[in-house]
Amino acid sequence: MTTPLRHRDFVLLWTAGLISMTGNWMLLVAVPVTVLTVTGSSTATAAAVAAGLVPRILVAPLAGVYVDRWDRRRALVWANVLQVGLVLPLALVDDAGDMWIVIGSTFAMGCVAQVVSTAENALLPTLVPGGET
C-alpha cells in the first residue's frame, strides 16, 4: 500500500503549507501581544484580533470562487508572495500611533491567507492519484 507521502509534489506542498500555517498562527498570537504591550489598550488589542479574524468570514466564500477559476499553483505562489509583502510593514510599528498599520496589514494578510488556504486545500488532493489517500 502506498501513501501520499511517497509523492514528491504532495510532500513539498504539504510541508510548505505546514510552514505557512505555522507562521500565520504565530502571527495571530504575536500581533495581539505586541499591540497590548505597545498600547496598553484592550480595545486596540481587540481591533487587531478582529482584523485578523474578520477576513475568514468575509473573504473565504469569495476566495473559493476565484481559486476555482484560477490556476491553483499560480494563485498559491502569488498569494504567498503577497503575504510576505503585507507582513513587512509590521516592522515599521514602534508606537501606539502606528496601530493603523497593524490593523490594515493584519486585515490584508487575513484576506490573502484565505486565498492561500483555499488554493492549498484544492490543490493537495490533485497531487495524489485516486485510491492512495
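A search of the whole structure finds two salt bridges, a salt bridge being a side-chain nitrogen of Lys or Arg within 4 Å of a carboxyl oxygen of Asp or Glu. The model is predicted, so local features need pLDDT of at least 70 and side-chain atom pairs count only at pLDDT 80 or more, while totals for chains, interfaces and linings use all residues. Residues are numbered from 1 along each chain as its sequence is written, and side-chain values use heavy atoms, with hydrogens and water left out.

Arginine 8 counts as exposed, at 62% relative accessibility. Here buried means under 20% relative accessible area, exposed over 50%, and partly exposed in between (1.4 Å probe, protein chains only). Aspartate 9 is partly exposed, at 37%. Aspartate 68 and arginine 72 also meet in a salt bridge, at 3.2 Å from N to O. Aspartate 68 is exposed at 53% relative accessibility. Arginine 72 is partly exposed, with a relative accessible area of 25%.

Glutamate 120 lies in helix H5. Helices are DSSP runs (H or I, at least four residues), numbered from the N terminus. Glutamate 120 is buried but has no salt bridge. Its nearest side chain of opposite charge is arginine 72, 12 Å away; Lys and Arg count as positive, Asp and Glu as negative, and His and the chain ends are not counted. Leaving aside residues up to four places away in sequence, glutamate 120 touches Leu13, Gly17 and Leu76. Contact means heavy atoms within 4.5 Å.

Helix H3 spans residues 60-69, and its residues Ala63, Gly64 and Val67 are buried. Seen down the axis of H3, these buried residues fall within an arc of 100°, so they line one face of the helix. The arc is that of the directions from the helix axis to the C-beta atoms. An α-helix has 3.6 residues a turn, so residues three or four places apart point the same way. The buried residues of H3 pack against helix H4 (72-87) and H5. Pro61 and Arg69 are exposed on the face turned away from the buried side.

On the surface, Val54, Ile57, Leu58 and Phe107 form a nonpolar patch. Patch residues have over 30% relative accessible area and no salt bridge; nonpolar side chains (Val, Leu, Ile, Met, Phe, Trp, Tyr) are joined within 5 Å, like charges within 9 Å. Together the four have about 370 Å² of accessible area, by the Shrake-Rupley method with a 1.4 Å probe, with only the protein chains shown counting as cover for residues. Helix H2 (residues 42-58) gives the most, with three residues. Phenylalanine 107 lies in helix H5 (residues 99-123) and is partly exposed, at 34% relative accessibility.

Technical notes. Helix = DSSP H or I, 4+ residues; strand = E, 2+ residues; numbered from the N terminus.
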